[in-house]
Structures are given as C-alpha cells and as structure tokens.
Amino acid sequence: TYVVTENCVACKYTDCVEVCPVDCFYEGENFLVIHPDECIDCGVCEPECPADAIRPDTEPDMEKWVEFNRKYSEIW
Ligand code: SF4
C-alpha cells in the first residue's frame with residue numbers, strides 16, 4: 001500500500017488522483033489520503049506527485065502515516 005505523507009499538506013496538485021486506476025484517493029481538509037484497503041499497490045501515483053509526498057508503506061517509520069491515511073479515508 002502507498003501512503004500520503006506530510007509533504008502533501010496544502011499541496012494544490014491532484015495529478016495523483018487523476019492517474020489512480022481504482023480511485024482510492026480521498027480528500028482531507030488540506031491534504032489527500034489513500035484508502036489502504038482500496039490501493040492496489042500499483043505505484044503509478046508516486047512519480048506523479050510533485051511534492052514527493054507519496055511513499056510505499058514498506059519504508060521505515062511509516063506506521064503513523066498508515067494510520068493517518070486509514071483514519072481520514074474512512075470518514076467518507
Ligand atoms: Fe492508486 Fe496505485 Fe497509487 Fe495505490 S499505488 S493510490 S492504486 S495509483
């Protein structure tokens with residue numbers, strides 16, 4: 001699963017949303033999140049993000065962001 005991290009805050013680009021084949025991006029107050037159960041781990045969004053905010057959850061210290069993405073994508 002890919003997760004959106006802090007560089008996304010106040011980012012005005014939505015290039016990632018447009019390329020996602022399963023539409024699993026959701027909008028928070030001033031950031032986007034990825035629904036962890038809907039993401040198919042294709043990786044297409046990662047290079048599209050100009051803020052470099054999208055990271056694979058396999059990187060170190062991602063627990064906080066995994067939770068954050070889950071929390072805000074399940075509101076909808
Ligand atoms: Fe969507 Fe693929 Fe990015 Fe997951 S990795 S959020 S499925 S574009």
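Visitor: What makes the largest nonpolar core a core, and which residues have the most contacts inside it?

Guide: The largest nonpolar core has 16 residues, and V4, C8, C16, F25, I34 and I54 have the most contacts inside it. A nonpolar core is a set of buried Ala, Val, Leu, Ile, Met, Phe, Trp, Tyr and Cys residues joined through side-chain atoms within 4.5 Å. β1 (2-4) and β3 (32-34) each supply at least two residues of this core, and β3 gives the largest share, three residues. Strands here are DSSP runs of E with at least two residues, helices runs of H or I with at least four, numbered from the N terminus.

This is a predicted model, where local features need pLDDT of at least 70, side-chain atom pairs count only at pLDDT 80 or more, and totals for chains, interfaces and linings use all residues. Residues are numbered from 1 along each chain as its sequence is written, and side-chain values use heavy atoms, leaving out hydrogens and water.

Visitor: Why is T5 called buried?

Guide: Buried means under 20% relative accessible area, exposed over 50%, partly exposed in between (1.4 Å probe, protein chains only). T5 has 10%, so T5 is buried. T5 sits in the loop between β1 and α1 (15-19).

Visitor: Which residues does T5 contact, leaving aside neighbours within four places in sequence?

Guide: They are A53, R55, M62 and W65, where contact means heavy atoms within 4.5 Å. A polar atom of the T5 side chain also lies 2.7 Å from the backbone oxygen of A53.

Visitor: What does C8 touch, not counting residues up to four places away in sequence?

Guide: C8 touches N30, F31, L32 and A53.

Terms used
A polar contact is a pair of N or O atoms within 3.5 Å; within protein, one must be able to donate a hydrogen and the other to accept it, and residues adjacent in sequence count only if both atoms are side-chain atoms.
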